[in-house]
Amino acid sequence: MRFSNYVEGMRSDGTVEVMNAWQIHGEARRRQRAGEDIILLSIGDHDFASDDRIVAACCDALHAGRHHYTAALGEPATRQAAVTFHQRVIGEGIGIDNVAIVPGAQSGVFTTAMALLDAGDEVICFDPMYVTYSGALMAPHAKMRFVTLRPENAFQPLAADIRAAVTPKTKAIMLNTPNNPTGAVSPPALLAEIAAIAEEHDLWVISDEVYCSMTYERPHRSPRLLPGMADRTVSLYSLSKAFAMTGWRMGWVVAGPAVIERLDLVLSSLLFGTPTFIQDAMVAAIDQAADEVDRICALYRRRRDAICGALAAIPKLKFSVPEAGMFLMIDVRETGVSSIEFARSLLAEQNVSLLPGEGFGASQAGFLRLSFCVDEAQLLVAAERIAAHVAKISR
Ligand SMILES: Cc1ncc(COP(=O)(O)O)c(C=O)c1O
């Protein structure tokens, strides 16, 4: 049997450390499903269901016979809903010609990569990075060039490091603000420097903004708002986090009409349209359940405050308070054990599952990602168990 270099490359891209990191999450999930009292803080999915208004709209659409093929870029009403969200949350006026509906931001990254990149093109990525970008960016055989994000720089890249990573083959910068896994939000000055580099070297900025509505200190600012950047930036959005709709697989790409026209070609060959009744649910979410976005943001802000307050009291652990999203990175280096060992023993002895930082890039050895996707009471119990664990291993 002979398989493509691409798919085999996806497997070998998973180093032993990455695989070990995710195995711990897999084990936690298996034990939780078997009924054990596991506090699962290793994945970014909400612990509550999507709003009833959205579910009802989907059921109504199914009963109304919305079962047929649809346009590859999405129905006009769905694209218009994305325009409404964009005006509300990003603060930019766009038209439906700027929107392609995709089944989740993940497929937005994949289709964007297919539309923009060729074999041998280089994409500047950051380490740590949301893990599944690599499979998408490698699909057209592009190469990733990594710039390390350091905790001492609040996990923000230095413009000088980005400049140093540019080569004649560079075609794009893969930006993710607000960030998974660090919870950092790129400040306007950094965005301006990234925009200047993109302009100077004629680069695309692929901008993953799926956490745009979950910011706790200052509003999200999209790089596309900077002068000259709207046509250079391909932005990715999704209902997954903003509306607690991860399993619906619904997202959209915002870009200049020339990019959207290319995405139409890719989406026609890949998907032939996103399910009509789920498109109707997206319209209902944005038009009828907009209050969900603020409710979810406020809920996660309270969770962030609760877990950060509790972790701050644990000696030997360091962390930066995340400005956005549902994750924070904990530095366990002072405990003297590796992040993988810390996560393994924490799960085995205290039934709490965190994700070793190695799952997001080699630079994160010694760090663990904690997702605050459970209620405050459980977060406080998790913090007590983590404190007991640190006390035990530090003895
Ligand atoms: C940074 C980032 N981008 C994209 C995604 C995927 O989002 P979607 O569910 O819309 O495919 C996630 C999911 O966790 C994420 O954290």
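Leaving aside its neighbours within four places in sequence, which residues is L203 in contact with?

## The model as a whole

The structure shown here is a predicted model. The protein has 395 residues, and a compact globule of that length would have a radius of gyration near 21 Å; the value for the protein is 21 Å, which agrees. Along its principal axes the C-alpha trace spans about 60 × 55 × 50 Å, and the secondary structure comes to 14 helices and 13 strands.

Buried residues account for 56% of the 395 residues. The accessible surface comes to about 16100 Å², and carbon and sulfur atoms contribute 55% of that area. Among contacts between residues at least 6 apart in sequence, 75% join residues that are at least 24 apart. As for charge, the protein carries 36 positive and 45 negative side chains, with the centres of the two sets lying 4 Å apart.

## An open sheet of four strands

Four strands, in the order β9-β10-β13-β12, make up an open sheet in which the pairing is antiparallel. The edges are taken by β9 (318-319) and β12, each of which has a single partner strand, so one side of each is left without a neighbour in the sheet.

Strand β13, which covers residues 367-371, pairs with two of the other strands of this sheet. With strand β10 (residues 327-331) it is joined by five bridges, and the two run antiparallel; in this pairing F327 stands opposite S371, while I330 has L368 as its bridge partner. With strand β12 (residues 355-356) β13 is joined by two bridges, again antiparallel, and here the bridge partner of L355 is R369.

How many of the residues of β13 are buried? Five of its five residues are, so that the strand is mostly covered. In a regular strand the side chains alternate between the two faces of the sheet. In β13, F367, R369 and S371 lie on one side and L368 and L370 on the other, and since all of them are buried, both faces are covered.

Strands of a sheet pair through backbone hydrogen bonds, either parallel or antiparallel. For β3 and strand β4 (residues 143-148) the sense is parallel, and the pairing extends over six bridges.

L203 lies in the loop between α8 (188-201) and β6 (204-208), and with a relative accessibility of 1% it counts as buried. To return to the opening question, when neighbours within four places in sequence are left aside, L203 is in contact with T170, K171, A172, I173, I197, A198 and R232. The C-alpha atoms of L203 and V166 are separated by 9.7 Å, and these two residues are 37 residues apart along the chain.

T274 also belongs to a loop, the one between α10 (257-270) and α11 (276-288). Is T274 buried or exposed? T274 has a relative accessible area of 2%, and because buried means under 20%, T274 is buried. Not counting residues up to four places away in sequence, T274 touches T70, I101, V102, P103, R249, M250 and Q279. T274 and L73 are 201 residues apart in sequence, yet their C-alpha atoms are 8.2 Å apart in space.

A56 is found in a helix, α3 (residues 52-63), and at 36% relative accessibility it counts as partly exposed. The C-alpha atoms of A56 and A312, which are 256 residues apart along the chain, are separated by 42 Å.

Definitions and conventions. Residues numbered from 1 in each chain as written. Predicted model: local features only at pLDDT ≥ 70, side-chain atom pairs only at ≥ 80, totals over all residues. Heavy atoms only, no water. Buried < 20%, exposed > 50% of the residue type's maximum accessible area, 1.4 Å probe, protein only. Pairing = 2+ DSSP bridges. Rg over C-alpha atoms; globule rule 2.2 N^0.38 Å. Contact = heavy atoms within 4.5 Å. Areas by Shrake-Rupley, 256 points an atom, 1.4 Å probe, with all protein chains shown as cover. Lys, Arg positive; Asp, Glu negative; His and termini not counted. Charge placed at Lys NZ, Arg CZ, Asp CG, Glu CD.
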